[in-house]
Amino acid sequence: MTGVEKLKAFAKSPHHAWLGLLTLGAGVATMSGIGIIAGAAVYALGWIYLPDSRLFKNWLAARKQGDDGAKLREFLFQRRQIYDSLRTSTRTRYDSLAAEIESLQADFHRDPRLNPEIVRQRSERLSNLAWTYLRLLHTGEMLDRFVETEDPADLEAKIAAMEKDVAAIAPGSRAGLAESMQSRLTSLRSRLEKRRGAEESRELTASEQERIAELVKLFRADHLSNRDAGALSHEIDGAAVQLDRTNDWLRGLEFDTSPADVPEALAAAAPLKMGS
């Protein structure tokens, strides 16, 4: 927290309220110029020393912990809703990957070559990998449902028939009907374009799901076989950069209804397994 942020937090804190009451308020209560000046001086000193006091820092830490806890509970609720909306077979796929990641994280903690900071960084990266995987599973199912409801061959036939009907209307006649049919034609073309785009997105989503599953298996194999403790960290960091691009793509996809811009620390704080 910067100095300016700390002062802004202090201005909204109960400590500031009490400072004002006990200094400015007391000074005004004396009904004397000297009392008011003394109160204002003590109030100014309070602004200098209280924001750096242990009392205020402890209050800030407690408030941050409370805010973080509320954010985590909200994220867990939203994540659970996404998980529960999945088909049983898809939930099983997530559970399987989460179990693999948890097992790998446990291996990191038991590895004497790794210091706590490396273990923390790797574990956070892998937890975010699981969150991205869940988003991809959810988006994939949303795309599946849309693709299943739109038959491109049927849309193409309707567009061809509508184009023929619109062309049959003589120029300048039946303007209302022509406008209505042209509007329907635009809607059909838009649906067909969205259907084609959804098919492409579905293929990419499925590919990204498989890529994450293969990455976790690769990380385990490299961890067991590689004597260089830092090499795997570079691999995981490189995968994280690639997955940042995946998350950016998901963020712009209308079929992704999962929470966007979830901080990495927040996703990493959530237990991977959903439980019953």
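This is a predicted model: local features need pLDDT of at least 70, side-chain atom pairs count only at pLDDT 80 or more; totals for chains, interfaces and linings use all residues.
1. Helices (H or I, at least four residues) and strands (E, at least two) are DSSP runs, numbered from the N terminus. Helix H8, residues 175-225, contains Ser-207. Ser-207 is partly exposed, at a relative accessible area of 41%; buried means under 20%, exposed over 50%, and partly exposed in between (1.4 Å probe, protein chains only).

2. Residues are numbered from 1 along each chain as its sequence is written, and side-chain values use heavy atoms, with hydrogens and water left out.

3. There are 2 aromatic pairs. Rings of Phe, Tyr and Trp (its six-membered ring) pair if their centres lie within 6.5 Å; planes under 30 degrees apart are stacked, over 60 edge-to-face, the rest tilted. Phe-75 and Trp-131 are edge-to-face, 5.0 Å centre to centre and 80 degrees between planes. Phe-75 is in helix H4 (residues 54-85) and Trp-131 in helix H6 (residues 116-149), so the pair ties together parts 56 residues apart in sequence. Both Phe-75 and Trp-131 are buried.

4. Tyr-83 and Tyr-94 have ring centres 5.9 Å apart and planes at 70 degrees, so this pair is edge-to-face. Tyr-83 belongs to helix H4 and Tyr-94 to helix H5 (residues 88-110), 11 residues apart. Tyr-83 and Tyr-94 are buried.

5. The charged end of Arg-91 sits over the Tyr-83 ring, 5.9 Å from its centre. The criterion: NZ of Lys or CZ of Arg within 6 Å of the ring centre and within 35 degrees of the ring normal. Arg-122 lies over the face of Phe-108, 5.0 Å from the ring centre.
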